[in-house]
Amino acid sequence: MKHDDAKLLREVQKNTEMGMTAIDTILDKIGDDEFSLQLSKQALRYSEIHNRALEQILQNEGEVYRGSQIADMALRGSIHMNTVFNISRGHLAEMVIQESNRDITDMWKAMKHNSLATCQAMEIAQELVDFEQESIERMKEYL
């Protein structure tokens, strides 16, 4: 597997895992069924993109992304701290939007720094960026 492909696909894995973790943490705080359903659909889409990246890595015998428990705990802790006093739908939607914006920035950096990646890896990365942008638009409805 080409170095740029491996780095780009690991970044996809990292961002999708973080997205799924964030949504999983937020879902415990939601009382709105419509909002909960929207976030569950978003988590499912993250999972699909994650699995596409994983499949590509495994087909090419590359090294998969291994997330750290410390980063996972830090993300969950940050969400819990940001929702201690405010668990309104608008606040939670804003948090999801902010996370998506960070993910988009991270993916653009990864795509730019790994420009020699194959079309397949770039397509998966671009799919994640497009999905994040769509998610932001959907979350704006809940602000």
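Predicted model: local features only at pLDDT ≥ 70, side-chain atom pairs only at ≥ 80, totals over all residues.
Residues are numbered from 1 along each chain as its sequence is written. Local features need pLDDT of at least 70 and side-chain atom pairs count only at pLDDT 80 or more, whereas totals for chains, interfaces and linings use all residues; side-chain values use heavy atoms, with hydrogens and water left out.

The largest nonpolar core has 36 residues, and those with the most contacts inside it are Leu 8, Val 12, Phe 35, Leu 39 and Met 139; such a core is a set of buried Ala, Val, Leu, Ile, Met, Phe, Trp, Tyr and Cys residues joined through side-chain atoms within 4.5 Å, where buried means under 20% relative accessible area (1.4 Å probe, protein chains only). At least two residues of this core come from each of helix H1 (3-27), helix H2 (33-59), H3, H4 and H5, and H4 gives the most, with nine residues. Helices are DSSP runs (H or I, at least four residues), numbered from the N terminus.

Two aromatic pairs are found in the whole structure, pairs being rings of Phe, Tyr and Trp (its six-membered ring) with centres within 6.5 Å, counted as stacked with planes under 30 degrees apart, edge-to-face over 60 and tilted for the rest. Phe 35 and Tyr 142 form a tilted pair, 4.8 Å centre to centre with 50° between the planes, and this pair links helix H2 with the segment after H5, 107 residues apart. The rings of Tyr 46 and Phe 131 have centres 5.2 Å apart and planes at 85°, so that pair is edge-to-face.

Ser 135, found in helix H5 (residues 119-140), is buried, with a relative accessible area of 0%.

Note on methods:
Buried < 20%, exposed > 50% of the residue type's maximum accessible area, 1.4 Å probe, protein only.
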